[in-house]
Amino acid sequence: MVTIKKSLHLLAAVLFAMMPAVSSANVDPVQQGDTVHVEQTAIAVETTEHEASHGEEHAEKSNDQFVKEYIDHHLMDDHYYSFFGDKELHKHYGFALPIILIDNGLKVFMSSEDFVYKGKVVENGGQYFKYYHGKIYEVDGPNGEIVYDAEHHPTNKMPLDFSITKNVAGLFLASLLLFLGFTALAKTYKNGPNALPKGIARGLEPLVIYVRDEMAKPNIGHKYKQFMPYLLSVFFLIFLLNLLGLTPLGLNVTGNISVTVCLALFTFLYVNLSGNKDYWKHIFWMPGVPVPMKIVLAPIEVLGMFTKPFSLLIRLFANITAGHSVVMGLIAVAYVMQEALSTPGAIGISFFLTLFLTFLEILVAFLQAFIFTMLSSLFIGSAVQEHDHH
Amino acid sequence: MTIPTIIGAGLIVIGAGYGLGKIGSSAMDAIARQPEAAGKIQTAMIIIGALLEGLAFGALILGNN
């Protein structure tokens, strides 16, 4: 019985380790024939800079350009959840996401493949909308076109966009998973203080204790309890989103600057709203230095207030973006090097490089969550610390 | 991307790389001298490493635009 269970675990672990390899499905799976020149695809149309947005236009495009555009497309947010695409059939396999616009009232409709990838105009409530480069514009009629200015920027009116995009869907998924995991963990404590968590919750408990003992307690001090909910939320959200980014779901939530700006903003507000008298005194009127120095230090300290969350957001965004581009670039080796190395050779090299880098990315996923939480608690600690010396 | 931005970003990355090497070597020395404090030294090392990394990434991203 034990052996059966063990081999099951091994199988599960191997399957989990193979997940990154499956994610190569995200790079076009039907690309075997003509390797040098490929027809411009629906995806390429969608991401091509400074080119007309018609799906009917066919331009020659090299493999390298295609890969580059695909990676750029992956790093961007999207209104259609596409798992993978078929280049020859101009088809995307995925599911539609709801689009919510505020433009003379609330407009809600489902996105579609034609709308997002083929430039189809959608009518809703007497108004017409067209999709261009990840943004939705208002056009005149069913055959309306987007008007460009001299620098090829659209001049059409943009409605307020509150759509459930791919990233928002990813955030919902992560929150749902966190909710399920932590409800399971919380339930076990109802059975007494020494009850042992079961299943996934058993893996979460040591992480919670790690956040408490390694980050919150040493950095914040005895007031750590009131900040634990925030630190735990931020740690597990970032960690889970980073890990989801490595699965074939094709999510890139923490690699989106809006998400990291939002997270850093929370830390900024948390630090400054919980700052005590000493904290503000150290910013505007540094004690223990001569008066001219106090005047010089004040603007520097005020700048420091903003650079701390700025470095937090840049670090997370850049790390995840860089990781995703490198992993996808190495997967693309299988297609780009096909002629030089023969198909099995190219796939083998790409597989081993990707495997190695994905293990590194798992480390980075944890490290970035750790660093974000650690620095947040450090900044909070500096804001609530009590000084005895004056 | 202009030539001065490339050179500037490169200089910042060289500086950050030098700093990271220095942190790593000092931490190694410290751990060798006091192995029982390895955990604390590692945490401090990672924090400073992350701060430097933020600087290097900031330079790369600002240099890219």
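How far apart are the end C-alpha atoms of residues 312-337 of chain A, and what share of the span is helix? The ends lie 37 Å apart, and the span is 96% helix and 0% strand. These legends describe a predicted model.

**View 1**
The UniProt record, an unreviewed entry, assigns "transmembrane region" to residues 168-186, 227-247, 253-271, 283-306, 312-337 and 349-372 of chain A. Two of these spans are described here. Residues 349-372 of chain A are 100% helix and 0% strand. For residues 349-372, the end C-alpha atoms are 34 Å apart.

**View 1. Chain A as a whole.**
Chain A contains eleven helices and ten strands. Of its 390 residues, 47% are buried. Take the contacts in chain A between residues at least 6 apart in sequence: 60% of them join residues at least 24 apart.

The side chains of A:D72 and A:K68 form a salt bridge, 3.7 Å from N to O. Both residues belong to helix α3 (residues 63-75) of chain A. They are four residues apart, so about one helical turn separates them. A:D72 is partly exposed, because its relative accessibility is 35%. A:K68 has a relative accessible area of 54%, so A:K68 counts as exposed. In general, side chains of opposite charge can pair when their charged atoms come close.

Is A:H74 buried or exposed? A:H74 is buried, because its relative accessibility is 9%, and the cut-off for buried is under 20%. Its contacts, leaving aside neighbours within four places in sequence, are A:G250, A:L251, A:N252, A:H324 and A:M328. Residues 312-337, one of the spans that UniProt annotates as "transmembrane region" in chain A, take in both A:H324 and A:M328.

Which residues form salt bridges with A:D213? A:R212 is one partner, with the closest N and O atoms 3.0 Å apart. A:K217 is another, with a closest N to O distance of 3.8 Å. Shared partners join A:R212, A:D213 and A:K217 into one network. A:K217 and A:D213 sit four residues apart in helix α6 (residues 200-220) of chain A, so they are about one helical turn from each other. For A:R212 the relative accessibility is 30%. For A:D213 the relative accessible area is 32%. For A:K217 the value is 35%. Over all chains, the structure holds three salt bridges.

**View 2. A:Q385, after helix α11 of chain A.**
A:Q385 is in the segment that follows α11 (338-384) of chain A. At 40% relative accessibility, A:Q385 is partly exposed. A:Q385 touches A:N276 and A:D278, with residues up to four places away in sequence not counted.

**View 3. The annotated domain of chain B.**
An unreviewed UniProt entry annotates residues 7-62 of chain B as "domain: V-ATPase proteolipid subunit C-like". The span is 93% helix and 0% strand. Its end C-alpha atoms lie 12 Å apart.

**View 4. Where chain B meets chain A.**
Ten residues of chain B contact twelve residues of chain A. Together the two chains bury about 1000 Å², with 82% of that area on carbon and sulfur atoms. B:I47, B:F57 and B:I61 supply 40% of the area that chain B buries against chain A, more than any other three residues. By class, the chain B side of the contact has six nonpolar, three polar and one charged residues. How many salt bridges and polar contacts cross this interface? The rule finds zero salt bridges between chain B and chain A. For polar contact, the rule finds two residue pairs across the interface, both at pLDDT 80 or more.

Technical notes
Residues are numbered from 1 along each chain as its sequence is written. Chains are lettered from A and ligands numbered from 1 in the order in which they are written. This is a predicted model: local features need pLDDT of at least 70, side-chain atom pairs count only at pLDDT 80 or more; totals for chains, interfaces and linings use all residues. Side-chain values use heavy atoms; hydrogens and water are left out. Helices (H or I, at least four residues) and strands (E, at least two) are DSSP runs, numbered from the N terminus. Buried means under 20% relative accessible area, exposed over 50%, partly exposed in between (1.4 Å probe, protein chains only). Contact means heavy atoms within 4.5 Å. UniProt positions are given in the numbering used here, feature names are shortened, and annotations may be inferred rather than shown by experiment. Buried area is the accessible area (1.4 Å probe) that two parts lose on being put together, summed over both. A salt bridge is a side-chain nitrogen of Lys or Arg within 4 Å of a carboxyl oxygen of Asp or Glu. A polar contact is a pair of N or O atoms within 3.5 Å; within protein, one must be able to donate a hydrogen and the other to accept it, and residues adjacent in sequence count only if both atoms are side-chain atoms. Ala, Val, Leu, Ile, Met, Phe, Trp, Tyr, Cys and Pro count as nonpolar, Asp, Glu, Lys and Arg as charged, and the others, Gly among them, as polar.
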